[in-house]
Amino acid sequence: MTPHSLAFYLDVITSGTVLGAKPTDSPDQVTAILGPDFAENSLDGRSMWRDYGMIEFFWDRESRDRPWRGHHFTLQAHRLSWGGGVVNSAIRDRYGRFDRHLDFGRLERLAARRGIRMEDVPDANAPAYSLHWQPASQMSVMVRRSPGKGGRRRGGARLGDVHALSSSMNAEQVAWHRARYGRQNGRRWSARLR
């Protein structure tokens, strides 16, 4: 993986934004940053998301005559293994080439060198996935820990690959995860999955 693409992920984890686009930004603000190449999805007119390749931004609103409110974004890193043009052109123009895999161990070590710590958070998806949280930016990182049914998935995702980075996980949500999923399989959850 090129150092530039790792810099992108570190920037997202550190800032809680994508090229400065915040999870609370309007659809027009996000499009001004990421460009007009997206697929728009809405199921009921009160929620919407735009897919910019491997990045999806989500909004909701009280009614059809109210403005959209930014809710969160998810960086679907697992889509890198599909190849092709999943990296948004604005991101590629700034950061360069992206590898098909994002190894969490490497990303975590680089983050630690910059003083960015990730906390382990128990999650409903364990042990197939582990969840990690960066408190200052409120970013969460989900990491693949088992091959699951059928072995390797589409594109050859590997154990230890980052599945997704998501905003905005706050301290209350982390506390809820710890209370709800702190015990799994009759024993205390631990971060021994590294």
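**Group meeting: a buried glutamate and its surroundings**

Glu-56 counts as buried, because its relative accessibility is 8%, where buried means under 20% relative accessible area, exposed over 50% and partly exposed in between, with a 1.4 Å probe and protein chains only. Before I go on, please keep in mind that this is a predicted model, in which local features need pLDDT of at least 70 and side-chain atom pairs count only at pLDDT 80 or more, while totals for chains, interfaces and linings use all residues. Residues are numbered from 1 along each chain as its sequence is written, and side-chain values use heavy atoms, with hydrogens and water left out.

Glu-56 sits in strand 3, helices (H or I, at least four residues) and strands (E, at least two) being DSSP runs numbered from the N terminus. Which side chain does the side chain of Glu-56 meet in a polar contact? The partner is the side chain of Arg-79, at 2.6 Å, a polar contact being a pair of N or O atoms within 3.5 Å, where within protein one must be able to donate a hydrogen and the other to accept it, and residues adjacent in sequence count only if both atoms are side-chain atoms. Leaving aside residues up to four places away in sequence, Glu-56 also touches others, including Trp-49, His-72 and Phe-73, with contact meaning heavy atoms within 4.5 Å.

Arg-79, which is itself buried at 12% relative accessibility, forms a salt bridge with Asp-51, with the closest N and O atoms 3.2 Å apart; by salt bridge I mean a side-chain nitrogen of Lys or Arg within 4 Å of a carboxyl oxygen of Asp or Glu. Asp-51 belongs to strand 2 and Arg-79 to the loop between strand 4 (69-75) and helix 3, so this pair ties together parts 28 residues apart in sequence.

A further salt bridge links Asp-60 and Arg-69, again with 3.2 Å between the closest N and O atoms.

Let me turn to helix 2 (residues 27-34), whose buried residues are Pro-27, Val-30, Thr-31 and Leu-34. They lie on the same side of helix 2, because they cover an arc of only 100° around the axis, the arc being that of the directions from the helix axis to the C-beta atoms. The face turned away from that buried side carries the exposed residues Asp-28 and Ala-32, whereas the cover over the buried residues includes strand 2 (47-51), strand 3 (55-60) and helix 3 (89-95).
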